[in-house]
Amino acid sequence: MRTLLNVTVLFLASAFGLALGWLILDLPVAAVRLPEQVTAQLEMSGVVHPVTAVLLNFRGYDTLLEIAVLLLALLGILALPRHVSDHQHRPSSANPVLQTLTRVLAPLMLLVAGYVLWAGAHRPGGAFQAGAVLAGAGVLLHLAGLLPAWATPGRTLRAGLAVGLLVFIAVAVALMAQGTLLQYPLSWAGALILMIEASLTLSLGLILAGLYLVLTDSGVQK
Amino acid sequence: MIFDLLLVAALLWSAVQALTTPDLFRAVVLFIIFGLLMALAWARLDAPDIALAEAAIGAGLTGALLLDAVAHLHKKRREQSP
């Protein structure tokens, strides 16, 4: 009976997969050629790399909502009941080789994050990738026993978590006077995008690291 | 071409293994491998932006979170059955 059920599910799932694949191949060619439109408008965006231009300029609204969603996710985690354990929130098995290596690697990771952020204007890179590298550095520092878990985030940390969204909203509100949301004036576009991306990087790094550092060790109450 | 075929085969293999293995730790490690292979696939598809994000977030951070979750589950199980 059970095997029959399994076979049926397997058959239905593969039929569904095949149907999906066939439908995708069967789709008509899109009427609007987005890549060409982006290339045509690239000069108006203030950056040279098309992906950054789309993320921060043409569809800046989506990115604004993305960082808001991430911040909300972290706030949700912070709202979970937690108990603060007494043993300093440090992993006990920290060994000196790992610690020394981490002390060497962490500044390098900061440098890489800064480079990736800066490179985003003209080649692959940008705020999300730089933020992920920052978060990786944070998690590594914690695993090596150099950075305690964030059981109760202080005022500076809270400010750092929110600064990306706040700067983004501030820019959006300041530009509302012209009538359209997040349409940067041509001469400032590059500088505004860099400013937004820098604050986004800081916030994203802290939020992504926070997803790990808030949940870990001290742990969610059982 | 051969590399691409190998990559697709490895992707499918790691995905199936990650879903079917009964050992949670093994599943997480296979998930991380899947993420890294996926990053390689994105790079082959000329999407280096997505490749960077996939490697850092999909494989790195999610993997770390899942490993942490597995460790918590093990600790809980040990406390329940001393």
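What is the mean pLDDT of chain A, and what share of its residues reach 70 or more? I looked that up before anything else. The mean for chain A is 83, and 91% of its residues get to 70 or more (pLDDT is the predictor's confidence in each residue, from 0 to 100). This is a predicted model, so I kept in mind that local features need pLDDT of at least 70 and side-chain atom pairs count only at pLDDT 80 or more, while totals for chains, interfaces and linings use all residues. For bookkeeping, residues are numbered from 1 along each chain as its sequence is written, and chains are lettered from A and ligands numbered from 1 in the order in which they are written.

**Confidence along chain A.** I found the lowest confidence in helix H2 (residues 34–41) of chain A, with a mean of 81, and the highest in helix H1 (residues 2–26), at 92. Helices (H or I, at least four residues) and strands (E, at least two) are DSSP runs, numbered from the N terminus. Residues 218–222 of chain A have pLDDT below 50, and this stretch has 13 contacts in the model beyond near neighbours in sequence. A contact is a pair of residues whose C-beta atoms, placed from the backbone, lie within 7 Å.

**Chain A overall.** I counted eight helices and zero strands in chain A. The C-alpha trace of chain A spans about 65 × 60 × 35 Å along its principal axes. Among contacts in chain A with a separation of 6 or more, 79% join residues 24 or more positions apart.

**Chain B overall.** Chain B has three helices and zero strands. Its radius of gyration is 15 Å, well over the 12 Å that the rule gives for 82 residues, so chain B is more spread out than a compact globule. I got a box of roughly 55 × 25 × 10 Å for its C-alpha atoms along the principal axes.

**Burial.** Buried residues are 33% of the 222 in chain A and 26% of the 82 in chain B. The cut-offs go by other C-beta atoms, placed from the backbone, within 10 Å of a residue's own: 20 or more is buried, 12 or fewer exposed, in between partly exposed. In helix H3 (residues 50–58) of chain A, the buried residues include A:Thr52, A:Val54 and A:Leu56. I see the buried residues of H3(A) packing against H2, H4 and H8 of chain A.

I also checked A:Ser199, which sits in helix H8 of chain A. With 22 C-beta neighbours inside 10 Å, A:Ser199 counts as buried. Leaving out residues up to four places away in sequence, A:Ser199 touches A:Val163, A:Gly164 and A:Val167.

**Where the chains meet.** Which helix gives the most to the side of chain A that touches chain B? In all, 14 residues of chain A contact 12 residues of chain B. H6(A) gives the most to chain A's side, with seven residues.

H6 (residues 127–143) of chain A and H3 (residues 48–80) of chain B pack at about 30°, axes 9 Å apart. Axes are lines fitted to C-alpha atoms, for helices over the stretch in contact, and angles run from 0 to 180 degrees between N-to-C directions. H6(A) and H3(B) are therefore roughly parallel (under 35 degrees; over 145 is roughly antiparallel, 65 to 115 roughly perpendicular, the rest oblique). Residues meeting here include A:Phe128 and A:Val139 in H6(A), and B:Leu52 and B:Ala64 in H3(B).

Key:
Two residues are in contact if their C-beta atoms, placed from the backbone, lie within 7 Å. The radius of gyration is taken over C-alpha atoms; the globule rule is 2.2 Å times the number of residues to the power 0.38.
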